[in-house]
Amino acid sequence: MKQSNIQFDNTGKLRHFLTIEDLPKQTLIDILDTAENFSTVGTQTVKKVPLLRGKTIVNLFFEASTRTRTTFELAAKRLSADVLNININTSSTSKGESLLDMLRNFEAMHSDMFVVRHNQSGAAHFIAAHVAPHISVINAGDGSHAHPTQGMLDMFTIRRHKKEFHNLSVAIVGDIMHSRVARSQIHALNRLGVPEVRVVGPHTLIPRDAHALGVHVYHDLREGLKGVDVVIMLRLQRERMSGAMLPSEAEYFSQYGLTEEKLRLAKPDAIVMHPGPINRGVEIESSVADGSQSVILEQVTNGIAVRMAIMSITLGRKQEN
Amino acid sequence: MKIAITNGHVIDPRNQVNQRCDIFIQDKTIIAIEHAPEGFKADKIIDADKLIVSPGFVDLCARLREPGHEHKGTILSETRAAVASGVTSLCMPPDTIPVLDTPAVVELIHQRNEEAGYCRVYTLAALTRGLEGQYLSEMAHLKDAGCIGVSNVMHCIPKPQVLRHAMEYAASVDMTVFLHPQDEGLANHGCAHEGIVSTRLGLVGVPEAAETQAVANFLMLVEQTGARVHFCHLSTARAVQMIGRAKYDGLDLTADVAAHQLHLTEMDIGYFNSQCHVQPPLRTQRDCEALRDAVASSQIEAICSDHQPHDVDAKLAPFAATEPGISSIETLLPLSLRLVNDGLLNMTELVDRLSTTPAEILGINAGHLGVGAMADVAIFDPTQHWILKSENLISAGKNTPFENWEFQGKVMKTLCDGKLVYDASSTA
């Protein structure tokens, strides 16, 4: 059997960042604190620190992405690393070269880090288990399994607004079943000590064993929103209609769409989050998405600092104060 | 050639032998037990002191990968692994390439196996042409060519009417239908049990209902058609219960379980261990315990290997993209012996589940050591400890989740058709 926690190297240092599930609380706090230090880099006239100068980071995107890929790219560039963006059409790889063969090629180019997005759950673990020992792997989303950098940037955003985690109540609304973002958020919230994590959605979009993740399950949005400090809306994919999991977008919006009226059930100072890209009028009303409680664009900004933190920690160099 | 197997502890459930005694073989047949026939002079004496002498094992499901997937295994390589595990008869499902739906394929397999010369290979014919679930296969012709049953393996038959007719027709040519109960629609191309682990890992789950719905469906058709059926590789507690109930109500059914299902659960997947990717998937602890109890009570009559050797690449990909299956014929006996050590089975029941009953299910003359029986014998040491290293597997497939497991029990010698086909002391 392979060692289960391959995220740490022999000396106990974080080498890969694949999932939040088995990381200790202190590691998460370190990432958030480091990100806090990096958050000013983007506001300086020279938006660069030389921490990763001479390092080569390869963004391996087997699945389309704009936001995640560009924020990873920006994060790497602000750390002065050289960045290579590779967009790979999965259908063409399945015909010829295997995933492993492709990795060997990038290894041979003396890369230091792979940032990987793939449509298969477990792809990042698979790659981490097979790369050369000097390479770090960052999971930028694998199937429905994990999107840990998104999870961490969400924690960063929550901490900025709420300061502490131990007294919070958080509702995650939408397609939990297929959401790697939700899984990473749930693990992070639990590990950081949030006492009440709720998931809200219809039975078809919530796994039967969701409770095993450490959440309370709600099927009624109004009930689920009552008294929460944070509302996280998830993106709804069109495939859920063709897969007969939902009847229509309109019905989904009426049942699970976040409106101003429903938001009033949450605490008055509740924040509204969304990993993007948003479907206005499907999971969220425009007036809420653009409203005063929305922190959706902040999440994007914070994503750069958090990814800088994770890249610099896994490549072994923390930002000194 | 005259062989005497002396001083061994003979276990033969059919003839109720469970004692230390000698066995005398002439050519291909057992000619005497306990007392040598007058004037018998052995050409070869096998001393089985402290060893168990059992009828050779009968494996209800082993894929040999030939024809079609020779890069994963061949009839030669896999039957050699079989006899090293005490298996002297095995049954291969029809999902070869080309599909086993014409006598030519059956003939090819038998011819290759004759050249290999290790063990007996039986074949199941495709229930529908090309396993496509549309048209009936030529079952009578295939039976004449040597097939001993029919199966559509895990391929679905979209129209219930086709399934009904296939079962009826199988009954009229007197062939057992081997059913793999998994509803393709409900299984939804899943790769793990729908439960805690699939939820954690974000893997598409195969719900319990994929199996129970298929079982319910099949049971109704058995009642209606009078077909003789065998349920392959059960994985859920609920399916065991349903089949038990149907037997109680008078249906004549049998069922088997793959040995790994008695020892692994969904938890063993850990972080995407592709060696635990199997179909039907590993289920919960509760299911595993129910399967073990069912084997103990003979509600499930047989344990099989569900041997599926793979090339290395087949398991080198993200979990769902890997090919399911375990190279498992060499762990069939040691995993089953664990049930003896756990107090679930005694040695006679073990031999019954691995040899006597599976032979009856296949309707073949094997699985016993009476006078006049074919000289298919497994001689094993039930106490010898060893540690599994995949590189030491004899099978061409090194894919196993049991790497570094400590086992007790090793096959020392295997005779098939009166011929010594495996001898641990000479290959070590």
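**View 1. Arg180(A) is a buried partner in a salt bridge.** Arg180(A) has a relative accessible area of 12%, so this residue counts as buried. Buried means under 20% relative accessible area, exposed means over 50%, and partly exposed lies in between (1.4 Å probe, protein chains only). The partner of Arg180(A) is Glu63(A), and their closest N and O atoms are 2.7 Å apart. A salt bridge puts a side-chain nitrogen of Lys or Arg within 4 Å of a carboxyl oxygen of Asp or Glu. Glu63(A) sits in the loop between strand E1 (56–61) and helix H2 (67–78) of chain A, while Arg180(A) belongs to helix H7 (residues 180–191), so the pair ties together parts 117 residues apart in sequence. Glu63(A) is partly exposed, at 24%. Helices (H or I, at least four residues) and strands (E, at least two) are DSSP runs, numbered from the N terminus.

The model is predicted: local features need pLDDT of at least 70, side-chain atom pairs count only at pLDDT 80 or more, and totals for chains, interfaces and linings use all residues. Residues are numbered from 1 along each chain as its sequence is written, chains are lettered from A and ligands numbered from 1 in the order in which they are written, and side-chain values use heavy atoms, leaving out hydrogens and water.

**View 2. Arg160(A) and Glu36(A) form a salt bridge.** The N to O distance is 2.6 Å. Arg160(A) is in helix H6 (residues 148–162) of chain A, and Glu36(A) is in helix H1 (residues 25–38) of chain A. The two residues are 124 apart in the chain. Arg160(A) is partly exposed at 34%. Glu36(A) is partly exposed at 30%.

**View 3. Salt bridges also occur within chain B.** Arg20(B) meets Asp49(B) at 3.2 Å, N to O. Arg20(B) lies in strand E3 (residues 17–20) and Asp49(B) in the loop between strands E6 (44–47) and E7 (52–55) of chain B, so parts 29 residues apart in sequence are tied together. Arg20(B) is exposed, at 53%. Asp49(B) is partly exposed, at 31%. Elsewhere, a network of salt bridges links Lys28(B), Arg120(B), Asp376(B) and Asp417(B). Over all chains, the structure holds 33 salt bridges.

**View 4. Chain A meets chain B.** The contact (heavy atoms within 4.5 Å) takes 25 residues from chain A and 18 residues from chain B. The two chains bury about 1,800 Å² between them, 61% of it on carbon and sulfur atoms. This buried area is the accessible area (1.4 Å probe) that two parts lose on being put together, summed over both. There are 2 salt bridges between the chains. In one of them, Arg200(B) pairs with Glu21(A), with the closest N and O atoms 2.5 Å apart. On the side of chain A that touches chain B, helix H4 (99–108) and helix H5 (123–130) each give two or more residues. H5(A) supplies the largest share, 4 residues.

**View 5. Helix H1 of chain B is largely enclosed.** In H1(B) (residues 75–83), 7 of the 9 residues are buried, so the rest of the structure largely encloses this helix. Among the buried residues are Ile75(B), Glu78(B) and Val83(B). The buried residues pack against several elements of chain B, including strand E9 (87–92) and helix H2 (103–116).

**View 6. Cysteines lie apart.** The whole structure has 0 disulfides (cysteine sulfur pairs within 2.5 Å). For Cys91(B), the nearest cysteine sulfur is that of Cys61(B), 7.3 Å away. Cys91(B) is buried, at 0%.
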